[in-house]
Amino acid sequence: MLKKITQIKKWQLGLYVALLVAVIVAMISLKNCGGNTIQVSSHGRVTSASGGDTIDVAIEYSPLSCYAYGDTLGGFNYDFLRLLADSCDVVMKYHPIVSLKVALEGLNSGLYDVMAAQFPVTRENKAQYLFTQALYLDKQVLVQRITDHGVAVNSQLDLAGDTVNIVKGSPMRERIISLSREIGDTIFVVSDSVYGPEQLFLMVATGDIKYAVINETIARKMAASHPGVDISTAISFSQFQSLTLQKDNKELCDNFNKWISRVKKMPQYREIYNKYFQQ
C-alpha cells in the first residue's frame, strides 16, 4: 500500500512538472525581449537549431537559473544572459530545460550552442567540454528531512552504507564515489533520469526519497520555503559554475569570455549578483 502511495505521489510530481513546463511554453513562446526570444517544445526538446547569428542557449529551469513568477521571467542565468545580450548586441534564443541529460544531449548534437546549467568545472568535465570564465561559485550539499530527533546525517561519515539520489548525468556521481573511498565505505547512488534538482528536493521534503545531493544555490532557495528540510551537510568544496560549450567551439567560447568580462564591470551585473546570492 505504501509503495502504491509513493508511486502516486511521484506521478503527481511528474504531472506538476509537465504542467509547469506547458505553462512556460504557452506564456513565453510569444514573448520577445529586445530581440532575445525563448522557445521550447512541450517535451522540453528543441526541434531544430536557429542557425545564422542566433545563439541557442539551453537554460536550466530552476529557482536559480530560470523560472517564471507571475507573467515575468527571472533567475540569475536568465537575467545575466539578457544583460549580456543587450549590452554586447548578441541575439540569443533560450530553451528552458528541466533535465541535465537532455541539455547535454542537445549540446553534443549541436541543437544548442551553449548550456547554462548547474554543471561544475571539474577535471572530468573539462576533458569533454569547454567552459567560459566562472559566473559564480557553488558547492554540492545533502538534502535530508529534519525529524523530531534532528537529522540522521551530521557528517559525511554518516552516509556510509546509505543511498543518495542525484540527477542523471550529473558529475556529482564521481564526487560521491570519491567520498565513498575517503570514508572507507560504500555510498549507493541512484541516478534519476526524469527529475531535476528542484524536484529531487521536493521528493525528499515529501518523504518519497531519503536523501538527495544537489547544488547549494538551488537547495538554499528551496529550503527557504521548506523549514523541515536540512541542507547543512556539504558534499563537495566550492566549485566554479560557468557556461558550457562543445569542445570544438573555441571561437564562441572566446567571444563569451570577452562578453562576460565586459558585463562583470557593469553596475547592473552587481545588482543581479546581489539579488540572487546576497539575499
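## Buried residues and overall make-up

Of the 279 residues in the protein chain, buried ones make up 50%; here buried means under 20% relative accessible area, exposed means over 50%, and partly exposed lies in between, using a 1.4 Å probe and protein chains only. This is a predicted model, where local features need pLDDT of at least 70 and side-chain atom pairs count only at pLDDT 80 or more, while totals for chains, interfaces and linings use all residues. Residues are numbered from 1 along each chain as its sequence is written, and side-chain values use heavy atoms, with hydrogens and water left out.

The protein chain has nine helices and 16 strands. These elements are DSSP runs numbered from the N terminus, with helices being H or I runs of at least four residues and strands being E runs of at least two. Contact means heavy atoms within 4.5 Å. Among contacts between residues at least 6 apart in sequence, 76% join residues at least 24 apart.

## Two nonpolar cores

A nonpolar core is a set of buried Ala, Val, Leu, Ile, Met, Phe, Trp, Tyr and Cys residues joined through side-chain atoms within 4.5 Å. The largest one has 67 residues, and Phe76, Met92 and Phe256 have the most contacts inside it. Helix α2 gives this core its largest share, eight residues. Apart from this core lies another, of 14 residues, including Leu179, Ile187, Tyr211 and Val213. In soluble globular proteins, nonpolar side chains tend to be buried together.

Who are the neighbours that Phe76 touches, beyond residues up to four places away in sequence? They are Leu64, Ser65, Leu135, Tyr136, Tyr269, Ile272, Tyr273, Tyr276 and Phe277.

## Helix α2 and its two partners

Let's follow α2 (residues 76-88) to helix α8 (residues 250-264): the two pack at an angle of about 100°, with their axes 10 Å apart. Axes are lines fitted to C-alpha atoms, for helices over the stretch in contact, and angles run from 0 to 180 degrees between N-to-C directions. The angle makes α2 roughly perpendicular to α8, because 65 to 115 degrees counts as roughly perpendicular, under 35 as roughly parallel, over 145 as roughly antiparallel and the rest as oblique. On the α2 side, Phe80, Leu81, Leu83, Leu84, Ser87 and Cys88 meet Phe256, Trp259, Ile260, Arg262 and Val263 of α8. The residues of this contact divide into nine nonpolar, one polar and one charged. In this grouping, Ala, Val, Leu, Ile, Met, Phe, Trp, Tyr, Cys and Pro count as nonpolar, Asp, Glu, Lys and Arg as charged, and the others, Gly among them, as polar.

Helix α9 (residues 267-277) also packs with α2, at an angle of about 175° and with axes 10 Å apart. That makes α2 roughly antiparallel to α9. Here Phe76, Asp79, Phe80 and Leu83 of α2 meet Gln268, Tyr269, Ile272, Tyr273, Lys275, Tyr276 and Phe277 of α9. This contact divides into eight nonpolar, one polar and two charged residues.

How many disulfides does the structure hold? It holds zero, a disulfide being a pair of cysteine sulfur atoms within 2.5 Å. Cys88 is buried, at 11% relative accessible area, and Cys253 is buried too, at 5%.

Asp89 sits in the loop between α2 and β6 (92-97). With a relative accessible area of 72%, Asp89 is exposed. Its phi is near 55°, a positive value in a residue other than glycine.

## Links across the sequence

Arg145 belongs to strand β10 (residues 140-145) and is partly exposed, with a relative accessible area of 40%. Arg145 and Asp230 are 85 residues apart in sequence, yet 5.9 Å apart in space, C-alpha to C-alpha. Ile231 lies in strand β14 (residues 229-234) and is buried, at 17%. Its C-alpha atom is separated by 6.1 Å from that of Val141, 90 residues apart along the chain. Leaving out residues up to four places away in sequence, Ile231 touches Val141, Leu142, Val143, Phe201, Ala219, Arg220 and Ala223.

Pro63 is found in the loop between β3 (55-60) and β4 (67-69). Is Pro63 buried or exposed? At 14% relative accessibility, Pro63 counts as buried. Pro63 and Lys221 are 158 residues apart along the chain, with their C-alpha atoms separated by 6.8 Å. Leaving aside neighbours within four places in sequence, Pro63 is in contact with Glu198, Ile218, Lys221 and Met222.
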